[in-house]
Amino acid sequence: MVDTETFVPDAVAEIKDEIGDANAVIALSGGVDSSTAAALAYEAIGTQLTAVYVDTGLMRKGETDEIRETFDYMDSLRIVEAQDRFLEALEGVTDPEEKRHIIGEQFIREFETVANEVDADYLVQGTIYPDRIESEGTIKSHHNVGGLPEVVDFEGIVEPMRDLYKDEVREVARALDLEEVVSERMPFPGPGLAVRIIGEITEEKLEVAREANHVVEEELEEYEPWQALAAVIGKATGVKGDNRVHGWVVSVRSVESRDGMTARAQEIDWDTLQRIQSRITGSHENVARVVYDVTHKPPATIEYE
Ligand code: XMP
(Lines give C-alpha, C1' and ligand atoms only; values in the text may rest on other atoms or scores of the structure.)
Protein backbone atom coordinates (compact mmCIF):
# COMPACT_ATOMS: atom_id res chain seq x y z
CA MET A 1 0.00 0.00 0.00
CA VAL A 2 1.14 3.51 -0.71
CA ASP A 3 -0.03 6.61 1.13
CA THR A 4 -1.06 8.70 -1.85
CA GLU A 5 -1.61 11.80 0.29
CA THR A 6 2.10 12.04 0.87
CA PHE A 7 3.36 10.18 -2.21
CA VAL A 8 1.80 12.54 -4.77
CA PRO A 9 3.08 15.86 -3.36
CA ASP A 10 6.48 14.31 -2.61
CA ALA A 11 6.82 12.94 -6.15
CA VAL A 12 5.71 16.25 -7.68
CA ALA A 13 8.22 18.14 -5.55
CA GLU A 14 11.00 15.71 -6.44
CA ILE A 15 10.31 16.07 -10.17
CA LYS A 16 10.22 19.89 -9.92
CA ASP A 17 13.41 19.89 -7.96
CA GLU A 18 15.29 17.63 -10.37
CA ILE A 19 14.13 19.22 -13.61
CA GLY A 20 13.97 22.87 -12.58
CA ASP A 21 13.45 25.11 -15.63
CA ALA A 22 14.63 22.55 -18.17
CA ASN A 23 12.52 20.64 -20.66
CA ALA A 24 11.62 16.99 -20.29
CA VAL A 25 10.08 14.23 -22.38
CA ILE A 26 8.18 11.10 -21.47
CA ALA A 27 7.22 8.20 -23.68
CA LEU A 28 3.51 7.70 -23.20
CA SER A 29 2.36 4.18 -24.02
CA GLY A 30 -1.19 4.56 -22.81
CA GLY A 31 -0.59 2.02 -20.07
CA VAL A 32 -1.16 2.89 -16.45
CA ASP A 33 2.55 3.30 -15.58
CA SER A 34 3.56 5.85 -18.19
CA SER A 35 0.19 7.62 -17.93
CA THR A 36 0.57 8.06 -14.19
CA ALA A 37 4.18 9.19 -14.50
CA ALA A 38 3.13 11.67 -17.20
CA ALA A 39 0.30 13.04 -15.05
CA LEU A 40 2.67 13.48 -12.08
CA ALA A 41 5.30 15.17 -14.25
CA TYR A 42 2.74 17.41 -15.93
CA GLU A 43 1.53 18.50 -12.53
CA ALA A 44 5.11 19.28 -11.59
CA ILE A 45 6.40 21.08 -14.69
CA GLY A 46 3.40 21.69 -17.00
CA THR A 47 4.28 22.32 -20.64
CA GLN A 48 8.00 21.95 -19.99
CA LEU A 49 7.01 18.28 -20.35
CA THR A 50 6.35 16.85 -23.80
CA ALA A 51 4.50 13.54 -23.73
CA VAL A 52 5.31 11.48 -26.80
CA TYR A 53 3.00 8.72 -27.93
CA VAL A 54 4.38 6.65 -30.81
CA ASP A 55 1.75 4.74 -32.76
CA THR A 56 3.79 1.71 -33.77
CA GLY A 57 0.92 -0.01 -35.55
CA LEU A 58 1.18 -2.70 -32.85
CA MET A 59 -1.37 -1.09 -30.55
CA ARG A 60 -4.69 -2.41 -29.32
CA LYS A 61 -7.96 -1.61 -31.04
CA GLY A 62 -8.96 2.01 -30.43
CA GLU A 63 -5.92 2.70 -28.25
CA THR A 64 -4.59 5.72 -30.11
CA ASP A 65 -7.97 7.45 -30.04
CA GLU A 66 -8.30 6.78 -26.31
CA ILE A 67 -4.92 8.39 -25.74
CA ARG A 68 -5.91 11.42 -27.75
CA GLU A 69 -9.05 11.85 -25.63
CA THR A 70 -7.54 11.05 -22.23
CA PHE A 71 -4.56 13.37 -22.58
CA ASP A 72 -6.32 16.06 -24.47
CA TYR A 73 -5.67 18.35 -21.49
CA MET A 74 -1.90 18.19 -22.04
CA ASP A 75 -1.04 20.95 -24.47
CA SER A 76 2.28 19.34 -25.15
CA LEU A 77 1.08 15.87 -26.23
CA ARG A 78 2.70 14.60 -29.46
CA ILE A 79 1.26 11.68 -31.39
CA VAL A 80 3.77 10.23 -33.84
CA GLU A 81 2.25 8.20 -36.67
CA ALA A 82 4.98 5.63 -37.26
CA GLN A 83 2.99 2.54 -38.24
CA ASP A 84 4.49 2.15 -41.70
CA ARG A 85 8.06 2.55 -40.52
CA PHE A 86 7.66 -0.13 -37.84
CA LEU A 87 5.99 -2.65 -40.14
CA GLU A 88 8.65 -2.12 -42.78
CA ALA A 89 11.46 -2.61 -40.28
CA LEU A 90 9.83 -5.83 -39.05
CA GLU A 91 9.23 -7.34 -42.47
CA GLY A 92 10.45 -10.93 -42.69
CA VAL A 93 11.78 -10.99 -39.11
CA THR A 94 10.85 -14.09 -37.11
CA ASP A 95 13.26 -14.27 -34.19
CA PRO A 96 11.58 -13.04 -30.97
CA GLU A 97 14.57 -11.17 -29.57
CA GLU A 98 15.34 -9.64 -32.95
CA LYS A 99 11.75 -8.42 -33.19
CA ARG A 100 11.99 -6.80 -29.76
CA HIS A 101 15.32 -5.29 -30.67
CA ILE A 102 14.04 -3.78 -33.94
CA ILE A 103 10.97 -2.37 -32.20
CA GLY A 104 13.13 -0.89 -29.44
CA GLU A 105 15.53 0.68 -31.93
CA GLN A 106 12.80 2.14 -34.11
CA PHE A 107 11.05 3.45 -31.01
CA ILE A 108 14.22 5.18 -29.86
CA ARG A 109 14.66 6.78 -33.27
CA GLU A 110 11.11 8.15 -33.27
CA PHE A 111 11.39 9.34 -29.70
CA GLU A 112 14.81 10.89 -30.16
CA THR A 113 13.54 13.01 -33.05
CA VAL A 114 10.95 14.66 -30.81
CA ALA A 115 13.32 14.92 -27.82
CA ASN A 116 15.78 16.85 -30.01
CA GLU A 117 13.06 19.03 -31.46
CA VAL A 118 11.86 20.18 -28.04
CA ASP A 119 15.37 20.42 -26.65
CA ALA A 120 14.75 18.03 -23.77
CA ASP A 121 17.41 17.58 -21.11
CA TYR A 122 15.47 15.18 -18.94
CA LEU A 123 13.71 11.90 -19.50
CA VAL A 124 10.81 10.95 -17.25
CA GLN A 125 10.04 7.22 -17.13
CA GLY A 126 7.18 5.22 -15.64
CA THR A 127 9.53 2.46 -14.52
CA ILE A 128 8.16 0.51 -11.56
CA TYR A 129 9.81 -1.85 -9.12
CA PRO A 130 9.17 -5.17 -10.95
CA ASP A 131 10.55 -3.68 -14.21
CA ARG A 132 13.85 -3.03 -12.50
CA ILE A 133 13.99 -6.53 -11.05
CA GLU A 134 13.18 -8.30 -14.32
CA SER A 135 15.63 -6.14 -16.25
CA GLU A 136 18.42 -7.10 -13.89
CA GLY A 137 17.83 -10.75 -14.71
CA THR A 138 18.03 -12.19 -18.18
CA ILE A 139 14.40 -13.10 -18.65
CA LYS A 140 13.65 -10.78 -21.56
CA SER A 141 14.81 -7.46 -22.88
CA HIS A 142 12.23 -4.91 -21.79
CA HIS A 143 12.86 -2.12 -24.23
CA ASN A 144 11.06 0.46 -22.13
CA VAL A 145 13.63 0.19 -19.36
CA GLY A 146 16.89 -0.63 -21.05
CA GLY A 147 17.23 1.20 -24.32
CA LEU A 148 16.45 4.88 -24.15
CA PRO A 149 18.86 6.27 -21.58
CA GLU A 150 21.83 4.54 -23.18
CA VAL A 151 21.21 6.01 -26.61
CA VAL A 152 19.82 9.46 -26.01
CA ASP A 153 22.12 11.73 -24.10
CA PHE A 154 19.94 13.11 -21.32
CA GLU A 155 21.21 15.16 -18.44
CA GLY A 156 19.06 13.15 -16.08
CA ILE A 157 16.47 10.42 -15.82
CA VAL A 158 13.54 10.86 -13.49
CA GLU A 159 11.66 7.79 -12.33
CA PRO A 160 9.11 8.92 -9.76
CA MET A 161 7.51 5.48 -9.36
CA ARG A 162 10.62 3.34 -9.22
CA ASP A 163 9.68 1.76 -5.87
CA LEU A 164 6.01 1.08 -6.54
CA TYR A 165 4.17 -2.09 -7.46
CA LYS A 166 1.47 -2.04 -10.13
CA ASP A 167 -1.45 -1.98 -7.66
CA GLU A 168 0.16 1.00 -5.92
CA VAL A 169 0.50 2.79 -9.25
CA ARG A 170 -3.24 2.30 -9.77
CA GLU A 171 -3.88 3.90 -6.36
CA VAL A 172 -1.78 6.89 -7.40
CA ALA A 173 -3.61 7.06 -10.75
CA ARG A 174 -6.96 7.16 -8.92
CA ALA A 175 -5.66 9.82 -6.54
CA LEU A 176 -4.70 11.90 -9.59
CA ASP A 177 -8.21 11.47 -11.01
CA LEU A 178 -6.98 9.76 -14.15
CA GLU A 179 -9.84 8.27 -16.10
CA GLU A 180 -10.83 4.71 -15.25
CA VAL A 181 -9.94 3.50 -18.71
CA VAL A 182 -6.36 4.36 -17.74
CA SER A 183 -6.18 3.60 -14.01
CA GLU A 184 -7.83 0.19 -14.31
CA ARG A 185 -6.28 -0.82 -17.62
CA MET A 186 -4.56 -4.18 -17.97
CA PRO A 187 -0.82 -4.01 -18.47
CA PHE A 188 0.17 -4.07 -22.12
CA PRO A 189 3.75 -4.79 -23.18
CA GLY A 190 5.87 -2.08 -24.80
CA PRO A 191 6.39 -4.11 -28.00
CA GLY A 192 2.61 -4.36 -28.21
CA LEU A 193 0.91 -7.02 -30.30
CA ALA A 194 4.33 -8.09 -31.62
CA VAL A 195 4.83 -10.33 -28.56
CA ARG A 196 1.40 -11.85 -29.21
CA ILE A 197 2.23 -12.92 -32.75
CA ILE A 198 4.59 -15.83 -33.16
CA GLY A 199 6.87 -15.51 -36.17
CA GLU A 200 6.71 -12.82 -38.82
CA ILE A 201 4.42 -9.87 -38.28
CA THR A 202 2.04 -9.35 -41.18
CA GLU A 203 -0.97 -7.11 -41.67
CA GLU A 204 -3.26 -10.14 -41.57
CA LYS A 205 -1.86 -11.55 -38.33
CA LEU A 206 -2.06 -8.08 -36.80
CA GLU A 207 -5.69 -7.75 -37.83
CA VAL A 208 -6.50 -11.13 -36.27
CA ALA A 209 -4.55 -10.38 -33.08
CA ARG A 210 -6.06 -6.90 -32.67
CA GLU A 211 -9.64 -8.10 -32.96
CA ALA A 212 -9.03 -11.21 -30.82
CA ASN A 213 -7.46 -9.15 -28.02
CA HIS A 214 -10.43 -6.82 -28.13
CA VAL A 215 -12.88 -9.74 -27.82
CA VAL A 216 -10.94 -11.31 -24.95
CA GLU A 217 -10.61 -8.07 -22.97
CA GLU A 218 -14.33 -7.45 -23.35
CA GLU A 219 -15.51 -10.98 -22.52
CA LEU A 220 -13.18 -11.56 -19.57
CA GLU A 221 -13.52 -8.19 -17.85
CA GLU A 222 -15.79 -9.67 -15.18
CA TYR A 223 -13.02 -12.10 -14.14
CA GLU A 224 -10.85 -9.09 -13.24
CA PRO A 225 -7.69 -10.67 -14.65
CA TRP A 226 -4.25 -9.15 -14.26
CA GLN A 227 -4.04 -9.66 -18.00
CA ALA A 228 -6.32 -11.30 -20.53
CA LEU A 229 -4.94 -11.62 -24.01
CA ALA A 230 -4.96 -13.47 -27.30
CA ALA A 231 -2.01 -14.55 -29.39
CA VAL A 232 -1.69 -15.79 -32.96
CA ILE A 233 0.44 -18.89 -32.43
CA GLY A 234 0.49 -20.77 -35.72
CA LYS A 235 -1.64 -22.42 -38.38
CA ALA A 236 -3.88 -25.47 -38.40
CA THR A 237 -6.62 -26.99 -40.50
CA GLY A 238 -10.26 -26.08 -40.14
CA VAL A 239 -13.51 -26.16 -42.13
CA LYS A 240 -15.34 -22.98 -42.94
CA GLY A 241 -18.54 -23.26 -44.95
CA ASP A 242 -17.77 -25.93 -47.55
CA ASN A 243 -14.05 -25.34 -47.55
CA ARG A 244 -11.10 -26.67 -45.67
CA VAL A 245 -8.87 -23.82 -44.58
CA HIS A 246 -5.33 -23.74 -43.31
CA GLY A 247 -5.96 -20.91 -40.90
CA TRP A 248 -4.64 -19.18 -37.82
CA VAL A 249 -4.70 -20.70 -34.34
CA VAL A 250 -5.49 -18.12 -31.69
CA SER A 251 -4.52 -18.86 -28.10
CA VAL A 252 -6.50 -17.15 -25.35
CA ARG A 253 -4.86 -16.52 -22.01
CA SER A 254 -6.16 -14.99 -18.79
CA VAL A 255 -4.01 -14.76 -15.69
CA GLU A 256 -4.05 -13.52 -12.11
CA SER A 257 -0.91 -11.91 -10.75
CA ARG A 258 0.31 -9.22 -8.38
CA ASP A 259 3.37 -8.04 -10.24
CA GLY A 260 3.69 -10.10 -13.42
CA MET A 261 6.67 -12.01 -12.06
CA THR A 262 4.56 -15.09 -11.37
CA ALA A 263 1.02 -15.71 -12.57
CA ARG A 264 -1.82 -18.23 -12.38
CA ALA A 265 -3.96 -19.17 -15.35
CA GLN A 266 -7.62 -18.42 -14.54
CA GLU A 267 -10.45 -20.93 -14.63
CA ILE A 268 -13.04 -19.63 -17.09
CA ASP A 269 -16.51 -21.08 -17.53
CA TRP A 270 -17.30 -23.05 -20.66
CA ASP A 271 -20.02 -20.74 -22.00
CA THR A 272 -17.69 -17.75 -21.85
CA LEU A 273 -14.92 -19.71 -23.58
CA GLN A 274 -17.34 -20.82 -26.30
CA ARG A 275 -18.56 -17.25 -26.82
CA ILE A 276 -14.96 -16.11 -27.18
CA GLN A 277 -14.26 -18.95 -29.61
CA SER A 278 -17.27 -18.09 -31.71
CA ARG A 279 -16.51 -14.36 -31.83
CA ILE A 280 -12.84 -14.89 -32.72
CA THR A 281 -13.37 -17.57 -35.37
CA GLY A 282 -16.13 -15.37 -36.79
CA SER A 283 -13.97 -12.26 -36.82
CA HIS A 284 -11.77 -13.27 -39.74
CA GLU A 285 -12.11 -15.80 -42.56
CA ASN A 286 -8.65 -17.17 -41.87
CA VAL A 287 -9.03 -18.09 -38.21
CA ALA A 288 -9.35 -21.87 -37.92
CA ARG A 289 -9.34 -22.44 -34.16
CA VAL A 290 -9.20 -20.99 -30.71
CA VAL A 291 -7.46 -22.69 -27.78
CA TYR A 292 -7.27 -21.76 -24.08
CA ASP A 293 -3.87 -21.67 -22.36
CA VAL A 294 -3.94 -23.30 -18.89
CA THR A 295 -0.23 -22.83 -18.09
CA HIS A 296 0.88 -20.85 -15.05
CA LYS A 297 4.02 -18.66 -14.91
CA PRO A 298 6.35 -20.42 -14.34
CA PRO A 299 6.84 -22.50 -16.41
CA ALA A 300 5.30 -20.31 -19.15
CA THR A 301 5.69 -16.56 -19.40
CA ILE A 302 2.61 -14.36 -19.65
CA GLU A 303 3.30 -13.19 -23.20
CA TYR A 304 4.17 -15.52 -26.07
CA GLU A 305 7.50 -14.06 -27.13
P1 XMP B 1 6.22 -12.11 -19.30
O2 XMP B 1 5.72 -12.42 -20.67
O3 XMP B 1 7.71 -11.94 -19.26
O4 XMP B 1 5.62 -10.71 -18.91
O5 XMP B 1 5.74 -13.10 -18.27
C6 XMP B 1 5.59 -10.17 -17.62
C7 XMP B 1 4.85 -8.85 -17.68
O8 XMP B 1 5.62 -7.91 -18.43
C9 XMP B 1 4.92 -7.51 -19.59
N10 XMP B 1 5.92 -7.46 -20.66
C11 XMP B 1 6.47 -6.33 -21.12
N12 XMP B 1 6.24 -5.07 -20.81
N13 XMP B 1 7.87 -4.38 -22.37
C14 XMP B 1 6.92 -4.09 -21.45
O15 XMP B 1 6.68 -2.91 -21.20
C16 XMP B 1 8.16 -5.64 -22.75
O17 XMP B 1 9.00 -5.88 -23.59
C18 XMP B 1 7.40 -6.68 -22.09
N19 XMP B 1 7.41 -8.03 -22.18
C20 XMP B 1 6.49 -8.47 -21.31
C21 XMP B 1 3.85 -8.54 -19.82
O22 XMP B 1 2.75 -8.01 -20.54
C23 XMP B 1 3.50 -8.94 -18.39
O24 XMP B 1 2.65 -8.00 -17.78
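## A loop to start with

Let's begin with D177, which sits in the loop between α8 (166-175) and α9 (180-183). This is a predicted model, and in it D177 has a positive phi of about 60° although it isn't a glycine. Is D177 buried or exposed? It counts as exposed, because its relative accessible area is 67%, and the cut-off for that label is over 50%.

You'll find E224 in the loop between α10 (203-220) and β6 (227-240). Phi of E224 is also positive, near 45°, and E224 is likewise a residue other than glycine. With a relative accessible area of 68%, E224 is exposed.

## The whole chain

Now step back and take in the protein chain as a whole. In terms of secondary structure, it has 11 helices and 9 strands.

How does the radius of gyration fit with what a compact globule would have? For 305 residues, a compact globule would come in near 19 Å, and the protein chain has 20 Å, so the two agree.

Contacts tell us something about how the chain is put together. Take the contacts between residues at least 6 apart in sequence: 77% of these join residues at least 24 apart.

## Inside, outside and charge

What share of the 305 residues counts as buried? The figure is 55%. As for the surface, the protein chain exposes about 14200 Å², and carbon and sulfur atoms supply 44% of that area.

## Two domains

The protein chain is divided into domain 1, covering 4-183, and domain 2, covering 197-292. Between them, the contact takes 18 residues from domain 1 and 16 residues from domain 2. How far apart are the C-alpha centres of the two domains? They are separated by 28 Å.

## A strand near the end of the numbering

Next up is V291, a residue of strand β9, which runs over residues 287-292. V291 counts as partly exposed, because its relative accessibility is 34%, and that label covers values between 20% and 50%.

Which residues does V291 touch, if you leave aside its neighbours within four places in sequence? The contacts are with I233, V249, V250, S251 and V252. I128 is another matter: it is 163 residues from V291 along the chain, and the C-alpha atoms of the two are separated by 32 Å.

## Two cis peptide bonds

Finally, follow the chain past that strand. P298 is found in the segment after β9, and P299 has its place in the segment after β9 too. Where are the cis peptide bonds here? One runs from K297 to P298, with omega near -10°. Another runs from P298 to P299, and its omega is near 10°.

Technical notes:
Residues are numbered from 1 along each chain as its sequence is written. This is a predicted model: local features need pLDDT of at least 70, side-chain atom pairs count only at pLDDT 80 or more; totals for chains, interfaces and linings use all residues. Side-chain values use heavy atoms; hydrogens and water are left out. Helices (H or I, at least four residues) and strands (E, at least two) are DSSP runs, numbered from the N terminus. The radius of gyration is taken over C-alpha atoms; the globule rule is 2.2 Å times the number of residues to the power 0.38. Buried means under 20% relative accessible area, exposed over 50%, partly exposed in between (1.4 Å probe, protein chains only). Contact means heavy atoms within 4.5 Å. Accessible areas come from the Shrake-Rupley method with a 1.4 Å probe; for residues, only the protein chains shown count as cover. Domain bounds come from an automatic or database domain assignment.
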